[in-house]
Amino acid sequence: MLSESSLVLKSVMLGSIFCAFITILGHVRIGYRSRMYHHEHYHVQAPNKEDILKISEDERMELSKSFRVYCIILVKHKDVSLWTAVKETWTKHCDKAEFFSSENVKVFKSINMETKDMWLMMRKAYKYAFDKYRNRYNWFFIARPTTFAIIENLKYFLLKKDPLQPFYLGHTVTSGDLEYVSVEGGIVLSMESMKRLNHLLSSPEKCPDQGGMIWKISEDKQLAVRLKYAGVFAENAEDSKGKDVLNTKSGGLSIKEAMTNHPNLVVEGCCSDMAVTFNGLTPNQMHVMMYGV
């Protein structure tokens, strides 16, 4: 039977090739100009492997300087065991990762949002990240502590995408007339999207907290509503074969489904070679997955 660690080995094989030139240690300052695009793609694919291999060494070095991924992890006090696993595993591969908590936790360093409302936590975290890091990072990845991410594959996926375009990427879900990116698989925002979101968050009349209302919608849906108002639309992140790369399920569940639906092609029918996230993992499973990274 296929193990989750072998699945991750398959997923990160290609992404690791590019880690050396995409991930740069040290501080890189990034400048931004005001650029607006007519942006109408709703299924965003990773570049073809053949195209990447054609990139010259000089171009690779230039591209590597433009990739700075800031990771936001939203946690609650009850998530302490998951918190530990996330801190010890995949977040080490982010250019910078910070934890945003619902209350002060002595055991771990975190930024206290002083609220248990997930939408208020999310919007405060985005506001904090933009105000403090808008000149240092150009891609912002937010996730829950149940998510396991392969950051090298995320950088590979973003390789030829311009952060000055309003990207809002992940696993898209439709709810009525609203299409949103599920936070269970992680959400990726470009700098342009962060700029537009920050403009709304800074205007209470345009973007009220809505944290105390009796009826509530999930934080990922609330984010989609705000971004849609700003002209930023949810886009499904896929590989060149159309397979999702940000997954809302665990690798194990995906394997079981593939064994049922594609018994003769379990690996091919399961997940993308360039999978970026899996969700619903236990702390032990995260450490097992990390062996593949």
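The model described here is predicted. Helix 8 spans residues 219-229, and its buried residues are E219, D220, Q222, L223, A224, R226 and L227. Just after helix 8, G231 adopts a positive phi of about 80°.

Helix 7 is itself mostly covered, with nine of its 11 residues buried. The buried positions of helix 7 are M191, E192, S193, M194, R196, L197, N198, L200 and L201. The cover over these residues includes helix 5, strand 5 (139-143), strand 7, strand 10 and helix 8.

At the level of the whole chain, 11 helices and 12 strands are present. Of the 293 residues, 54% count as buried. Among contacts between residues at least 6 apart in sequence, 80% join residues at least 24 apart. The average pLDDT of the chain is 78, and 69% of the residues score at least 70. Over residues 8-39, where pLDDT stays under 50, the model has 76 contacts beyond four places in sequence. Over residues 254-267, where pLDDT also stays under 50, the model has 19 such contacts.

Strand 9 (residues 178-181) contains V181. V181 counts as buried because its relative accessibility is 0%, the limit for a buried residue being under 20%. Beyond its neighbours within four places in sequence, V181 is in contact with Y168, L169, G170, H171, T172, G186, I187, D220, A234 and E235. The C-alpha atoms of V181 and G170 are separated by 5.4 Å, although the two residues lie 11 residues apart along the chain.

A further contact brings together helix 4 (residues 80-88) and helix 11 (residues 283-290), whose axes come within 9 Å and cross at roughly 10°. Helix 4 is therefore roughly parallel to helix 11, since angles under 35 degrees are classed in this way. In this contact, S81, L82, A85, V86 and E88 of helix 4 meet P283, M286 and H287 of helix 11. The residues involved divide into five nonpolar, two polar and one charged.

The count of aromatic pairs comes to 10. One of them joins Y128 and Y133 in an edge-to-face arrangement, at 6.4 Å centre to centre and with 70° between the planes. With a relative accessibility of 25%, Y128 counts as partly exposed, whereas Y133 is buried, with a relative accessible area of 2%. Y133 also pairs with Y137: the ring centres are 5.5 Å apart and the planes lie at 75°, so this pair is edge-to-face. Both Y133 and Y137 are buried.

S102 is placed in the loop between strand 3 (96-101) and strand 4 (111-112). This serine is buried, with a relative accessible area of 4%. Leaving aside neighbours within four places in sequence, the residues in contact with S102 are V75, K76, H77, N112, E114, T115, K116 and M121. E114, one of the contacts of S102, lies in the loop between strand 4 and helix 5. In contrast to S102, which is buried, E114 is exposed, with a relative accessible area of 67%. E114 has a positive phi of about 55°, although this residue is not a glycine.

Key:
Residues are numbered from 1 along each chain as its sequence is written. This is a predicted model: local features need pLDDT of at least 70, side-chain atom pairs count only at pLDDT 80 or more; totals for chains, interfaces and linings use all residues. Side-chain values use heavy atoms; hydrogens and water are left out. pLDDT is the predictor's confidence in each residue, from 0 to 100. Contact means heavy atoms within 4.5 Å. Axes are lines fitted to C-alpha atoms, for helices over the stretch in contact, and angles run from 0 to 180 degrees between N-to-C directions. Helices (H or I, at least four residues) and strands (E, at least two) are DSSP runs, numbered from the N terminus. Angles under 35 degrees count as roughly parallel, over 145 as roughly antiparallel, 65 to 115 as roughly perpendicular and the rest as oblique. Ala, Val, Leu, Ile, Met, Phe, Trp, Tyr, Cys and Pro count as nonpolar, Asp, Glu, Lys and Arg as charged, and the others, Gly among them, as polar. Buried means under 20% relative accessible area, exposed over 50%, partly exposed in between (1.4 Å probe, protein chains only). Rings of Phe, Tyr and Trp (its six-membered ring) pair if their centres lie within 6.5 Å; planes under 30 degrees apart count as stacked, over 60 as edge-to-face and the rest as tilted.
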